[in-house]
Amino acid sequence: MIASHLLAYYVTELQHDQVQNVDKYLYHMRLSEENLMDVSRRFRREMDKGLGRDTNLTASVKMLPTFVRSTPDGTESGDFLALDLGGTNFRILLVKVSGNGKQKVEMENQIYVIPETLMRGSGTELFDHITECLANFLEKMGIKEKKLPLGFTFSFPCRQTKLDESFLVSWTKGFRAGGVEGKDVVGLLRKAIKKRGDFDIDIVAVINDTVGTMMTCGFDDHHCEIGLIVGTGTNACYMEEMRNLEMVEGDEGRMCVNMEWGAFGDDGSLEDLRTDFDREIDAGSLNPGKQLFEKMISGMYMGELVRIILVKMAREGLVFQGHTTPDLLVTGHFKTSYVSDIESQKDKEGLVCAEQVLRGLGLDPSAEDCVAVQRVCEIVSTRAAHLCAATLAAVLRQIRDNKAAERLRTTIGVDGSVYKNHPQFARRLHKMVRLLVPDCDVRFLRSEDGSGKGAAMVTAVAHRLAEQHAERQRVLDALRLSREQLLEVKRRMEAEMKKGLARDTHDSATVKMLPTYVRSTPDGSERGDFLALDLGGTNFRVLLVRVRRSVEMHNKIYTIPQEMMQGTGEELFDHIVHCIGDFLEYMGMKGASLPLGFTFSFPCHQTRLDEGILLKWTKGFKATGCEGEDVAVLLKDAIHRVEEFDLDVVAVVNDTVGTMMTCGYEDQHCEVGLIVGTGTNACYMEEMRNVELVEGDEGLMCVNMEWGAFGDCGELDDFCTEFDRAVDECSANPGKQRFEKMISGMYLGEIVRNVLLDFTAKGLLFRGKLSERLKTRGIFETKFLSQIESDRLALRQVRSILQHLGLISSTCDDSILVKEVCTVVARRAAQLCGAGLAAVVDKIRNNRGLQELSITVGVDGTLYKLHPHFSTVLKETLRDLAPQCKVTLVQSEDGSGKGAALITAVACRLKEGKK
């Protein structure tokens with residue numbers, strides 16, 4: 001009993017010693033965690049080089065664009081064909097994909113042989129043979145009459161320029177068919193199919209097997225965004241942000257990048273980690289100096305690397321008592337499958353296998369030799385797994401950084417004989433990845449048939465995207481306006497303006513063209529101190545505006561308590577006058593008598609400049625005794641009741657006119673005012689002879705168009721979409737302000753929200769899943785349009801807005817689509833605004849009988865000022881629709897305050913002029 005224990009102990013010690021001897025001998029092949037972190041950093045640098053336009057040429061890791069723009073989302077369905085050509089046999093597959101949450105894939109396939117004569121004959125004969133096999137397969141399946149989409153896995157070096165265009169760089173694997181290198185293989189296949197003429201196929205995509213691996217796993221796990229192959233060769237692909245892919249135009253969304261990482265190190269960047277064994281493998285290969293990383297990892301070289309090490313160890317007397325055999329000296333005689341078998345951990349099975357393999361090579365191994373060989377295999381395969389983990393860690397960090405995520409959750413689809421068949425490779429790879437990137441939660445998912453099923457999945461995704469794109473564009477086309485449509489909007493606006501100005505048609509006009517009694521814009525000679533009062537909500541302002549050569553302003557904001565908003569008119573105006581008194585005291589002007597301009601932003605009827613009869617309170621005001629009364633008189637009466645100061649109420653104005661006057665002080669060509677903010681309106685200087693509601697034909701008068709109501713009698717019905725109608729029906733004033741509802745900030749976000757709801761209901765967005773928050777009216781604020789369309793914002797920030805709206809699982813593709821909807825809605829608003837403005841400036845030009853008009857438009861409003869593209873589109877539309885008008889748009893500052901004072905200043909100047 002003791003003897004057997006001693007023997008076991010002795011054998012264990014011997015094994016331990018032998019393992020230590022091998023470890024010392026192969027010291028340089030055992031990489032520390034620090035070494036691997038360094039490899040990961042080097043690889044990340046190579047990735048960056050490969051992605052850059054200027055550095056791609058010299059990069060060893062080429063980062064090739066695949067033009068695959070999306071992974072499966074589980075809604076793919078239909079019948080697809082796949083053609084898998086990568087050797088002397090090729091396969092044709094019929095893949096039936098069931099979506100709707102079932103995610104079921106059924107496959108039928110047939111293998112066809114390519115005779116050697118065709119492999120080395122002409123390209124035409126080769127592709128004719130492939131199409132003949134396709135015809136045979138379609139006939140067998142009974143689908144020859146159908147036109148099905150096809151994915152083409154073409155496993156030869158190619159330069160891809162589109163998803164369905166790929167140029168063969170050079171044949172490999174014994175193929176020499178003439179007239180194919182440098183040609184588009186999809187084009188050659190299409191030509192051969194057309195020549196036959198007895199069936200038709202829609203070739204949608206050409207891919208490689210790494211991409212197919214990612215897509216196959218992506219159908220089962222929507223987090224899958226990396227594909228990895230570790231088999232005869234090795235490669236990886238992943239979904240990269242378009243903004244980082246400088247080799248392809250466009251910076252929105254993502255594209256799968258085929259890394260071709262086997263060439264990592266071809267530029268010498270791994271030289272310090274390569275051993276003499278690696279150099280010997282490379283020297284004896286078909287492509288010396290190429291694919292150096294692949295030669296340290298993949299199945300094609302792993303067995304050979306073990307053989308070279310064993311030969312060297314034998315020659316140094318470390319194994320086999322210093323003997324070698326002819327079989328051991330033959331390249332390729334130690335297969336990679338032996339490495340897998342020898343590393344088996346089951347009951348000494350690996351050591352038994354080692355003995356069998358070595359005896360098969362003519363050797364007579366001892367137990368220690370078998371232990372040594374097993375250890376060599378472990379070191380070689382562990383280094384391969386760890387190097388693979390180091391480069392994967394770089395890919396994971398890139399994706400995490402792209403998403404600006406503190407923690408990344410992702411899935412890697414994996415295929416290849418080494419990964420699948422080696423008993424320890426996968427476990428070692430997984431463990432090291434988790435050590436190197438502890439802030440990434442990684443799932444490894446084994447792929448089944450990436451080159452066949454994968455090609456069908458790429459095709460299914462491309463087919464889904466094409467169908468969804470067509471449906472989305474059909475919907476969005478209703479919101480896109482052609483030049484002819486915009487010219488028609490301009491023509492109808494001109495007709496409504498004419499109706500609004502004429503006495504006989506004014507009542508039926510939607511564009512009311514209200515006289516403001518402002519008879520002149522500033523000429524620069526205005527001087528003096530003026531008060532302005534700006535009342536349009538729960539806060540109001542009192543301003544002192546000093547007009548010299550420049551304009552100096554002082555103002556104070558006051559609150560109107562709720563009880564005064566809903567009390568009596570006397571109480572409200574007494575409070576306003578009390579605040580004016582406080583302001584004058586604050587400015588050291590107690591008892592002063594100054595001219596005052598009153599910006600009163602409520603619906604009024606004017607018959608004089610200093611009169612405004614309140615038609616109706618809005619914005620929560622309900623003070624009694626005011627509706628139907630002149631607000632200027634109500635203000636004067638309150639001033640007289642206080643008897644502390646006297647003010648001359650010279651003008652009652654609205655903010656659109658104030659905007660024009662503010663800009664008019666700086667630019668005397670300014671004769672148009674435009675507001676595009678929460679609401680929209682315009683005003684301009686009209687010839688008195690055309691303003692039939694006011695006596696007199698001489699000179700000019702500013703007309704407040706109230707153009708927001710354009711369309712209230714159906715003038716815009718043929719341009720309104722279902723989304724406009726939904727917004728109108730749910731508004732506080734259905735059927736009113738139709739033009740404003742297509743343009744202004746109060747409504748654009750709501751139009752976008754309705755489009756997003758429609759897309760989601762049709763399964764075109766957010767995978768058909770609605771968030772409760774998105775159902776809430778007004779939740780999609782118009783400021784989101786400005787933020788989403790900002791060129792500075794990456795799509796991940798668009799996504800953060802969507803997450804704020806409860807759309808937690810929104811994808812990059814969702815973000816792109818939401819941005820497109822925002823762009824289309826905002827662009828239409830700017831174009832409609834431009835068409836309306838074109839009608840105004842052309843009217844002024846025609847009034848004056850000019851061939852060309854130079855004019856300035858003063859503009860205010862949050863939408864115009866804050867939206868990144870609104871002003872640009874408006875200007876483009878204006879130039880296009882009113883080519884004979886040279887229009888300058890100037891942003892106004894404080895039209896409701898400074899503008900009111902300037903109207904007062906102009907009125908005072910005109911009064912002085914009459915004296």
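**Exercise 1. Aromatic cluster**
Which residues form one aromatic cluster with W171 in this predicted model?

*Solution.* The cluster holds F152, F154, F156, W171 and F175. Now take the count of pairs. The model has 24 aromatic pairs.

**Exercise 2. F43 and F264**
Classify the aromatic pair of F43 and F264: stacked or edge-to-face? Then state where each residue lies.

*Solution.* 
- Step 1. The centres are 4.9 Å apart, and pairing needs centres within 6.5 Å.
- Step 2. F43 belongs to helix α2 (residues 33-51), while F264 sits in the loop between β11 (254-258) and α7 (276-283), so the pair ties together parts 221 residues apart in sequence.
- Step 3. Both F43 and F264 are buried.

**Exercise 3. F602 and W617**
Why is the pair of F602 and W617 edge-to-face? Are the two residues buried or exposed?

*Solution.* 
- Step 1. The ring centres lie 5.0 Å apart.
- Step 2. The planes stand at 85°, so the pair is edge-to-face.
- Step 3. F602 is in the loop between β18 (593-600) and β19 (604-605). W617 is in the loop between β20 (613-614) and α19 (631-642). The pair thus ties together parts 15 residues apart in sequence.
- Step 4. Buried means under 20% relative accessible area. F602 has 6% relative accessibility, so F602 is buried. W617 has 7%, so W617 is buried.

**Exercise 4. A charge over a ring**
Which ring does the charged end of K556 sit over?

*Solution.* The ring is that of Y586. The charged end of K556 is 4.5 Å from the ring centre.

How values were computed
Residues are numbered from 1 along each chain as its sequence is written. This is a predicted model: local features need pLDDT of at least 70, side-chain atom pairs count only at pLDDT 80 or more; totals for chains, interfaces and linings use all residues. Side-chain values use heavy atoms; hydrogens and water are left out. Rings of Phe, Tyr and Trp (its six-membered ring) pair if their centres lie within 6.5 Å; planes under 30 degrees apart count as stacked, over 60 as edge-to-face and the rest as tilted. Helices (H or I, at least four residues) and strands (E, at least two) are DSSP runs, numbered from the N terminus. Buried means under 20% relative accessible area, exposed over 50%, partly exposed in between (1.4 Å probe, protein chains only). A charge sits over a ring if NZ of Lys or CZ of Arg is within 6 Å of the ring centre and within 35 degrees of the ring normal.
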